[in-house]
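Please keep the sequence and the structure at hand while reading.

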Amino acid sequence: MKKKYMFFDIDGTLTDNETKKIVPSAHKTLDRLQEAGHFVAIATGRAHYKARGFMEASGLHNMVCCGGNGLVINDELIMNTPLDRQKAIAVYKEARALGYGALVMLDDSIDVYDVDDRFLRQCGERKEPTNYIFHADFDIDQVKDIYKLYISVPKEEEHRLTKKDTLGNLRFVETYLMFQHDRKKEGILDMMERLGGPVEDVVVFGDDYNDLVMFDDAWFSIAMGNACDALKKKADYVTERNVDDGIYKACLKFGWIS
């Protein structure tokens with residue numbers, strides 16, 4: 001059996017959107033893929049600190065995280081690159097000048113910073129575990145690294161942020177916009193370069209719009225049956241829904257497990 005390099009999105013691909021837990025058949029399939037000698041990894045936009053526990057609980061040891069700018073190989077974090085500092089500062093300053101609140105992530109943790117709690121007053125607390133640190137003397141120009149930005153701009157007002165598209169950005173909730181790396185494809189390429197594996201042997205699984213960037217003609221792309229239509233159109237193959245054993249069925253169909 002030819003070795004494949006397999007990359008799986010987390011939410012809606014490996015996990016059930018209702019329970020937020022890994023689909024049992026997907027978990028078993030990850031084990032069987034590794035037993036068969038394939039390279040198996042997560043490919044996620046989540047920060048390293050947030051995705052690490054899921055990786056370990058899934059029995060995996062490799063990960064493309066931080067939207068493509070973080071790499072874990074054999075359980076070791078070997079890369080975690082922050083956002084472009086000057087662009088991030090420019091986005092922050094414009095947002096604050098327009099009256100929006102912000103949260104600035106300075107390291108690989110749940111800590112976020114700003115001068116005041118304007119973000120909380122405008123859109124409330126994030127659903128994710130977050131430690132809010134507000135200091136009147138917080139100075140964005142003195143910050144060394146910025147890993148993520150959260151701006152409390154409503155969707156209908158995004159056009160006011162003229163610098164918005166200078167950085168990768170995603171919206172998972174209506175009340176705020178998240179700025180992070182959006183380069184899963186490049187993260188996979190970085191991983192393959194370090195592994196010395198052939199790019200044509202890469203297989204990716206995804207389900208949502210943020211996975212479009214890693215569905216590429218250079219390799220084989222599989223959309224879950226519960227995926228958005230745009231991803232299904234771009235996929236080489238559409239399997240069953242994740243909760244209907246879609247990952248297991250696809251891997252069995254193509255002979256990656258027996």
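## Helix 1 against helix 7

In this predicted model, the axes of helix 1 (residues 24-35) and helix 7 (residues 246-253) come within 7 Å of each other, crossing at roughly 35°. On the side of helix 1, the contact is made by Ser25, Ala26, Thr29, Arg32 and Leu33, and on the side of helix 7 by Ile247, Tyr248 and Cys251.

An open sheet is formed by 8 strands, which follow the order 5-4-3-2-1-12-13-14 with mixed pairing. Its edges are strand 5 (76-80) and strand 14 (237-238), each of which pairs on one side only. Within this order, strand 3 (residues 63-65) and strand 4 (residues 70-73) are joined in the antiparallel sense over 3 bridges, and Cys65 has Gly70 in strand 4 as its bridge partner.

## Helices on the sheet

Helix 5 (residues 184-195) lies across strand 1 (5-8), strand 2 (39-43), strand 3, strand 4, strand 5 and strand 12 (202-206), and its direction runs at about 35° to strand 4. Helix 7, already described in its contact with helix 1, also packs on the sheet, where it touches strand 1, strand 12, strand 13 (220-223) and strand 14, with a direction that makes about 155° with that of strand 12.

## Strand 6 and its partner

Strand 6 (residues 102-105) pairs with strand 9 (residues 148-151) in the antiparallel sense, and 4 bridges link the two. One of the residues involved is Val104, whose bridge partner in strand 9 is Leu149.

When neighbours within four places in sequence are left aside, Ala102 is in contact with Tyr92, Arg96, Tyr113, Asp114, Phe119, Tyr150 and Ile151. As for Val91, its separation from Ala102 is 11 residues in sequence and 10.0 Å in space, taken from C-alpha to C-alpha.

Definitions and conventions: Residues are numbered from 1 along each chain as its sequence is written. This is a predicted model: local features need pLDDT of at least 70, side-chain atom pairs count only at pLDDT 80 or more; totals for chains, interfaces and linings use all residues. Side-chain values use heavy atoms; hydrogens and water are left out. Two strands pair if DSSP finds at least two bridges between them. Axes are lines fitted to C-alpha atoms, for helices over the stretch in contact, and angles run from 0 to 180 degrees between N-to-C directions. Contact means heavy atoms within 4.5 Å.
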